[in-house]
Amino acid sequence: MPPIKLHDKHFEIYLSEAEIQQKVKEIADKINNDYQDLNPLFISILNGSFMFAADLFKHLTIDSEICFIKLASYKGMKSSGHIITAIGLDQDLYNRNVIIIEDIVDTGKTLDVFLPKLHHQQPASLKIAALLHKPEATEKQITIDYLGFSIPNKFVVGYGLDYDGLGRNLKEIYQLTDEA
Ligand code: IMP
């Protein structure tokens, strides 16, 4: 795939559509196996995880439910740590087997703030599925139960992830080029 330009920045291909789809299928297979008869409730964190959530959900063969919540505003290329709840969580989590769906765990600050709120509702279990993780960016340690790819600490776009609004539609994941 050729390099792309979004706003003022250049990006090069990092993960192909086939690599992503293969990994999403593998994660779904594991969840199908681990959650038989448990009717898990997925909570997809908007905006970035909508594509991962949709593809993952299509591969599930067990009874399962999904809801969407908006938590974070992410402007530009640095995680702000500033969280806004725009769409609330209306499901009762008590005694449910909950799986959070995140696009990427970067500093870990978002989930560090959000997870205690969920634990408060006493779910039977609470696990995390994240497509991407930047271990080098960790500020708050988060255990990712179902992880797609560990990636370097470089800004990425595509497959739901954006750079200032652009790039979410890309089927692949692109990485910021060094000369950008
Ligand atoms: P954290 O709180 O630093 O872990 O960041 C979580 C959120 O920041 C993710 O859900 C993304 O929406 C956003 N984010 C972090 N890194 C990137 C990136 O490389 N590209 C696009 N969005 C990112």
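The structure is a predicted model, in which local features require pLDDT of at least 70 and side-chain atom pairs count only at pLDDT 80 or more, while totals for chains, interfaces and linings use all residues. Residues are numbered from 1 along each chain as its sequence is written, and side-chain values use heavy atoms, with hydrogens and water left out.

Of the 16 residues around the ligand (a heavy atom within 4 Å), Asp-103, Thr-107, Thr-110, Lys-134 and Val-156 come nearest. By class, this shell has six nonpolar, four polar and six charged residues; Asp, Glu, Lys and Arg count as charged, Ala, Val, Leu, Ile, Met, Phe, Trp, Tyr, Cys and Pro as nonpolar, and the others, Gly among them, as polar. A polar side-chain atom of Asp-103 lies 2.7 Å from an oxygen atom of the ligand, and a polar backbone atom of Asp-106 is 2.9 Å from a ligand oxygen atom. The protein covers 94% of the 490 Å² of accessible area that the ligand has on its own (Shrake-Rupley method, 1.4 Å probe). E6 and H3 are the elements that give two or more residues to the shell, and E6 gives the most, with four. Strands (E, at least two residues) and helices (H or I, at least four) are DSSP runs, numbered from the N terminus.

Asn-97 is placed in strand E6 (residues 97-105) and counts as buried at 13% relative accessibility.

Key: Buried < 20%, exposed > 50% of the residue type's maximum accessible area, 1.4 Å probe, protein only. Polar contact = N/O pair within 3.5 Å; in protein donor to acceptor, adjacent residues only side chain to side chain.
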